[in-house]
Structure formats: C-alpha cells, structure tokens
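Dear colleague,

My notes on it follow directly after.

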Amino acid sequence: MKRYDYLIVGSGLFGATFAYKAVHSGKSCLVIEKRPHTGGNVYCERIEGINVHKYGAHIFHTSNKEVWDFVNSLVPFNRYTNCPVANYHGELYNLPFNMNTFHRMWGVTTPEEAKAKIDEQRAEAVARMKEEGATEPRNLEEQGLCLVGKDIFEKLIKEYTEKQWGRPCSELPAFIIKRLPVRLVYDNNYFNDPYQGIPIGGYNKLIDALLQGADCRVETDFFNSEYRDWRSFADRLVYTGPLDAYFGFRYGKLDWRTVSFKTRILDMPNYQGNAVVNYTSHEKPFTRIIEHKHFEMFGQAVYDCPKTVVSEEYSTEYKEGMEPFYAVNDERNNLLAEKYRSLAEKEDGVLFGGRLAEYRYYDMAPVIEKVLNIWK
Ligand code: FAD
Ligand code: UDP
C-alpha cells in the first residue's frame, strides 16, 4: 500500500490548489472526493458544446496579481466581464447601479442630475432614520434606501433580496448589499477588481492542471471509507468537507442555504443575449437565469453553436442530501461554528480549509490566495 505525505479530502479549489503546491514541493498526495467528478463547485458539465456551470455561475475576479498570474500560468483566461441585466416586469436595467441604470429609471443624462435625483429619493429614509435617532442603516431595507433611494430599492433590490434570502429586507443585515457598487459613470462592469475572466476551455481545465501529479479517487466519501482512519495512509490530513461533519455533529448541526437549478437545452443560438439576467420581482419564482454559452462565446461564436443551455436559479433552504452552498451568518450559527473551530485547532496533523471546513463564504480567488500563503 502506498503511503502519502498528504491525504486531501475534497477536490474543490482549496484541495486542488493544495495538491498542486504539495506536488510541486516534492510531496505525494492522495485526493479523495465524494462526488463522481473533481472540482467541487466550479465543475462544469459539457452539454451541446457548452460548458455548463453545474453548481452555479462562477466568475473569477481578483485584485491580487499573484493569484491572477498563478491561475493564468495553468490555463489562460478569457476577457469575460460580468455585466448582469435586471428584468423587472419586462423593464430592463443595467447592473450594478450606474449611469445606464439611472438614465433608464429617471431619464437623467448627467452625473449631476443623477446625484440630485438619488438625494431626493433618499431624503425620506434619511429623515426617518434621523427622527428615530439612528446614525447608520440598521437593516438591509434602510441600507438600500440610503444607498440608491426608493425607486431603485423597490424595483431592483427589495423583492430580489426577499427571494434570495427568504426573509423581509427589514429583517436582514445591511452588510449584504454594502458591497454593491453605485457609480456615477456609464460602466456596467459588476466588479471593481482589475482582473476578471473565465478559464479558456472551462474551469475543468484549471482543476485538471491543479491536480496533475496527485492521485485522485472520486466517489469516495471520507466518512464511509477506509480513509476515515487516515493515519494508516498519510502523514497529514487536509480536510475541506463540512466542519461539523468532521466532529460527528457533536454540538449540533450548522445551517446552510443552497440554490437549486432547472437547466434546459433550447433549440436556438441565443436566448437572452447575456450570461446573467436577474429577475427582480416576485412575478417569477427564480432569482436569475444563466445562459452559459455567453461566458465563453463572443460575437459570431454564439451563432456558430446552434443550441443554448439556460439555468433558472431557485434559492432554497438546505436539507439533508443537498449540496451546502452558503454559511448562514446568524448568531446561533456563528457561535456554533466558533465552538467547532476551537476543536479543529486542537486536531493534530489536520488542516481545515475552504468554504465548508471554515464555514465562511469565500470567493474563488481568496481560496487560492489562502493556499498560496500557507505554502509560503
Ligand atoms: P468546494 O468547491 O465546495 O469543494 C469541497 C469539496 O469537498 C467538494 O467537492 C465536496 O464534494 C468535497 N467533500 C465534502 N465532504 C466530503 C467527504 N466527506 N468526502 C470526500 N469529499 C468531500 N466565487 C467566485 O469567485 N465567483 C463567483 O462568481 C462565484 N459564484 C458562486 C456561486 C455559487 C452558487 C456558489 C455556491 C459559490 C460561488 N463562488 C464564487 C464561490 C466558490 O464556489 C468557492 O470559492 C470555491 O468553490 C471554494 O472551494 P472549496 O474547495 O473551498 O469548496
Ligand atoms: N441584489 C439585489 N438585486 C440584484 C442583485 C443583487 O438586490 O439584482 C442584492 C441581494 O440582496 C444580494 C446582494 O445584492 O443578496 C449581493 O448580490 P451579489 O449578486 O453580489 O451576490 P451573490 O448572489 O453572487 O452572492
């Protein structure tokens, strides 16, 4: 039986990047993955010549040049720039909130006119907060109203957010939308980062490059396999599965939110003309429709591929058997996660890393950055 330096549980970006760095430092690795494929949530399924983001749309973006150079050294990235469109009862608006949005909403054409209109729209909420002695927005509703005013809050934020989080905006924390840019320029780029794109040929190419040189076993669950007794196989363990599961849910279960997808193949080359269209009213039960080909096909290439694949996204409460996606940041879960983290710190020879094992939301680039820093 081969003995490894590392047994890595999970082949998502954390596990795969760790394997890459280990192999390039002359260490041996065995990666085990419970799903039938590697890559975790960035895995793409090829349908009709299109890379379909099976676990939700993934757009790589970062301000960290080291991370950008690292991923591009493995597979070049394309020039995809995320410019989502919002559909409110058939009216279309550009996101994030910028001069195109303000022009469509109010007919204003200059930044000065837009600013005056936003100030007028915010006035009521600002006055109400002042009256009640609040100096900062106390919830997402107040945050939205103070940021962009009543019209945009009602048409583009309120119902979308309620669909996404399953709770009224007045009961949600303000920070959820603090990161949405508000720009007085005609710029539809959703992200502020200087580097953005999709790996040419899809995310599987990135994962394959990261895992080269490591032994991999899919359809192998750490908890229901011989590897549970990991010390017989390796000197160290890198664990990227759910934090509470590792400890047998000893203090109780952590909650998650997840997303379910309805994916269809359509017999037309171009369904919605954009990768991401958000449906911001309750009229439609899904939050958005992703048309996958637009992540990697531009111009004539869209029409050279005769079919298209679209996915409706439904935000859902997590139940047993689903994929856990988002950590729930309420008090109960934060406290529980902290208790498990203290146990994790005491676990000899084990590194807990990534979205599930740290019970934290991470974008892709910070996950890679974290692993690169560990190896430094
Ligand atoms: P994962 O990809 O979840 O990998 C963990 C792996 O461990 C999984 O493959 C899992 O099957 C495996 N595993 C779990 N338990 C076991 C076990 N017991 N035995 C064996 N294997 C096990 N980031 C961006 O930067 N841009 C985006 O646009 C973006 N969009 C997103 C959209 C959605 C819907 C979601 C959920 C996330 C999005 N992200 C995005 C975040 C991105 O997916 C994560 O940063 C990244 O996947 C984290 O990698 P990870 O390895 O920590 O986790
Ligand atoms: N949001 C919104 N309308 C939109 C898009 C986003 O109100 O059309 C709000 C919503 O509350 C969401 C938050 O902004 O939870 C963050 O959205 P983003 O798309 O950045 O996050 P993601 O869905 O990728 O986690």
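Which residues does D255 touch, not counting residues up to four places away in sequence? They are Y318, V328 and N333, where two residues are in contact if their C-beta atoms, placed from the backbone, lie within 7 Å.

Before the remaining findings, a word on conventions. This is a predicted model, in which local features need pLDDT of at least 70 and side-chain atom pairs count only at pLDDT 80 or more, while totals for chains, interfaces and linings use all residues. Residues are numbered from 1 along each chain as its sequence is written, and chains are lettered from A and ligands numbered from 1 in the order in which they are written.

D255 is found in the loop between α8 (243-246) and β11 (256-266); helices (H or I, at least four residues) and strands (E, at least two) are DSSP runs, numbered from the N terminus. With 16 C-beta neighbours inside 10 Å, D255 counts as partly exposed. On this scale a residue is buried if 20 or more other C-beta atoms lie within 10 Å of its own, exposed if 12 or fewer, and partly exposed in between, with C-beta atoms placed from the backbone.

K262 belongs to strand β11. K262 counts as exposed because it has 11 C-beta neighbours inside 10 Å. Leaving aside residues up to four places away in sequence, K262 touches S311 and E312. Its C-alpha atom is 28 Å from that of V367, 105 residues apart along the chain.

**Domains**

The protein is divided into domain 1 (4-76 + 195-255 + 327-375) and domain 2 (98-177); these bounds come from an automatic or database domain assignment. The C-alpha centres of the two domains lie 37 Å apart.

**Ligand surroundings**

Ligand 1 is surrounded by 34 residues, of which the closest are G10, G12, G40, G56 and G354; a residue is near a molecule or strand if its C-beta atom, placed from the backbone, lies within 6 Å of it. The elements that give two or more residues to this shell are α1 (13-23) and α11 (364-375). By class, the shell around ligand 1 has 17 nonpolar, eleven polar and six charged residues. Here Ala, Val, Leu, Ile, Met, Phe, Trp, Tyr, Cys and Pro count as nonpolar, Asp, Glu, Lys and Arg as charged, and the others, Gly among them, as polar.

The residues around ligand 2 include A86, L95, Y160, Q164, L180 and N278. Helix α6 (residues 150-165) provides the largest share of this shell, five residues. The shell around ligand 2 has eight nonpolar, four polar and no charged residues.

The axes of α1 and α11 come within 9 Å and cross at roughly 30 degrees; axes are lines fitted to C-alpha atoms, for helices over the stretch in contact, and angles run from 0 to 180 degrees between N-to-C directions. In this contact L13, F14, T17, F18 and K21 of α1 meet M364, V367, I368, V371 and W375 of α11. By class, the contact has eight nonpolar, one polar and one charged residues.

Nine of the eleven residues of α1 are buried, among them L13, F14, G15 and A16. What covers the buried residues of α1 includes β1 (4-9), β2 (29-32), α7 (203-211), β10 (234-239) and α11.

Helix α5 (residues 140-148) is also mostly covered, with eight of its nine residues buried. These buried residues pack against α4 (111-131) and α6. Just after α5, G149 takes a positive phi of about 85 degrees.

**Backbone details**

Most residues other than glycine have a negative phi, and most peptide bonds are trans. E48, which is not a glycine, has a positive phi of about 55 degrees and is found in the loop between β3 (44-47) and β4 (50-53). H89, again not a glycine, has a positive phi of about 50 degrees and lies in the loop between β6 (85-88) and β7 (91-94). H89 is exposed, with 10 other C-beta atoms within 10 Å.

A cis peptide bond joins L95 and P96, with omega about -10 degrees. P96 lies in the loop between β7 and α3 (99-106).

With kind regards
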